[in-house]
Amino acid sequence: MGFFDKIKQGLAKTKQLLNTDVRDLFKSQGRLIDDAFLDELRGVLIKTDMGVQAATAIVEQIGVKFRARVMQMEEVLADIKVQLKQLMAQDEAPIRFAASGPTVIMVAGVNGAGKTTSIAKLAQLFLSQGKTVVLGAGDTFRAAAVEQLSIWAGRLGAQIVKGEQGSDPASVAHRAVAVALESKADVCIIDTAGRLQTQQNLMQQLTKIHRVIGKQIPDAPHEVLLVLDATTGQNGISQARHFTDAVSCSGIVLAKLDGTAKGGVVVAIRQQVGLPVKYVGVGERPEDLTLFVPDDFVEALFEDLVPPAAGR
Ligand SMILES: Nc1nc2c(ncn2[C@@H]2O[C@H](COP(=O)(O)OP(=O)(O)OP(=O)(O)O)[C@@H](O)[C@H]2O)c(=O)[nH]1
Ligand SMILES: [Mg+2]
């Protein structure tokens with residue numbers, strides 16, 4: 001399955017809701033663009049969780065362009081698509097690989113966001129590109145965490161470095177990077193325990209892991225990926241701010257896009273957080289990960305949207 005089909009798979013629930021709502025705004029003979037229409041459109045957009053700010057901006061421009069005219073759905077939609085693409089525009093930004101030696105990727109996020117699963121998915125992606133991967137089981141806090149990552153490592157064929165439960169996660173990260181250096185691995189991905197962005201001591205622990213890795217390889221970690229759970233909506237925005245204060249994050253992995261009808265949250269994240277969305281999780285299997293490309297996202301969101309049937 002290509003990028004586009006995967007993003008469509010992830011957007012299935014969002015599409016179902018949004019496409020029905022958008023179609024219902026129009027009649028087959030078109031719709032007069034007036035205040036009533038603009039209010040309704042704004043409501044539909046807000047329902048996707050894209051944020052009041054983005055929805056208002058889009059609707060304002062539609063008003064400026066089309067007010068007092070009768071428009072067909074396709075024409076209005078084309079404008080919305082252009083605006084959404086602009087709102088989400090970002091550098092094409094997959095992983096920044098190290099010039100030489102292992103690329104170290106640290107993964108952080110709140111409890112249950114999808115960190116460990118996303119690591120398995122990333123490992124699978126790199127392995128499929130012929131790279132060698134070392135995983136660092138840096139979640140020494142939650143009982144079953146090491147086991148969970150070990151199972152993935154075994155299934156995917158990645159090397160894993162573990163520590164005792166309760167041991168210092170920074171020392172596990174250190175050993176994982178050392179193993180990656182020694183075995184000349186291409187990528188080393190460090191898992192971390194889930195933590196709330198308000199838990200000061202745990203946030204400091206992240207800073208420590210970051211610092212320790214940076215002493216081993218000057219540029220490392222080359223990526224700090226913040227995993228956000230798409231089903232928790234705009235709460236991710238405040239998580240991103242706090243995590244970036246502790247360790248400067250380089251990008252977002254948005255997990256569980258398939259689990260929400262409010263996939264518009266990506267728009268809010270892109271608009272309000274100064275970080276690129278690098279990958280999107282679209283299911284629970286290791287292959288259910290896709291690169292985030294804003295234009296594809298917008299096209300997938302509205303693909304298959306058929307105009308209202310004649311006579312309605
Ligand atoms: N549908 C769906 N489920 C996902 C996705 N990513 C993760 N999950 C599920 O979400 C749950 C939590 O995922 P984990 O990867 O364990 O999350 P975590 O952030 O490592 O959790 P902690 O280590 O406890 O903080 C699991 O049941 C995963 O299968 C996704 O993209 N789609
Ligand atoms: Mg985990």
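Predicted model: local features only at pLDDT ≥ 70, side-chain atom pairs only at ≥ 80, totals over all residues.
Between domain 1 and domain 2 an area of about 2100 Å² is buried, and carbon and sulfur atoms give 54% of that area. Asp49, Met88 and Gln90 together supply 27% of what domain 1 buries against domain 2, which is more than any other three residues supply.

**Domains**
- The domain assignment of the protein places residues 3-91 in domain 1 and residues 103-292 in domain 2.

**Interface between the domains**
- On the side of domain 1, 21 residues are in contact with domain 2, where 28 residues take part in the contact.
- Across this interface the rule finds 13 residue pairs in polar contact, both residues of each pair being at pLDDT 80 or more, whereas the count of salt bridges between domain 1 and domain 2 is zero.
- Helix 1 (3-10), helix 2 (12-25), helix 4 (52-66) and helix 5 (73-88) are the elements that give two or more residues to the side of domain 1 that touches domain 2.
- Among these elements, helix 1 gives the most to that side of domain 1, with five residues.
- Sorted by class, the side of domain 1 that touches domain 2 has ten nonpolar residues, seven polar residues and four charged residues.

**Overall fold**
- The protein contains twelve helices and ten strands.
- The radius of gyration of the protein is 22 Å, which is close to the 20 Å that the globule rule gives for 312 residues, so the protein is as compact as a globular protein of that length.
- Taken along the principal axes, the box that the C-alpha atoms of the protein fill is roughly 70 × 40 × 35 Å.

**Salt bridges**
- The structure as a whole holds 13 salt bridges, while the count between domain 1 and domain 2 is, as said above, zero.
- One of the salt bridges is formed by lysine 65 with aspartate 79, and the closest N and O atoms of this pair are 2.5 Å apart.
- This pair links distant parts of the chain, with lysine 65 in helix 4 and aspartate 79 in helix 5, 14 residues apart.

Conventions
Residues numbered from 1 in each chain as written. Chains lettered and ligands numbered in written order. Heavy atoms only, no water. Domains from an automatic or database assignment. Contact = heavy atoms within 4.5 Å. Buried area = accessible area lost by both parts, 1.4 Å probe. Salt bridge = Lys/Arg side-chain N within 4 Å of Asp/Glu carboxyl O. Polar contact = N/O pair within 3.5 Å; in protein donor to acceptor, adjacent residues only side chain to side chain. Helix = DSSP H or I, 4+ residues; strand = E, 2+ residues; numbered from the N terminus. Nonpolar A, V, L, I, M, F, W, Y, C, P; charged D, E, K, R; others polar. Rg over C-alpha atoms; globule rule 2.2 N^0.38 Å.
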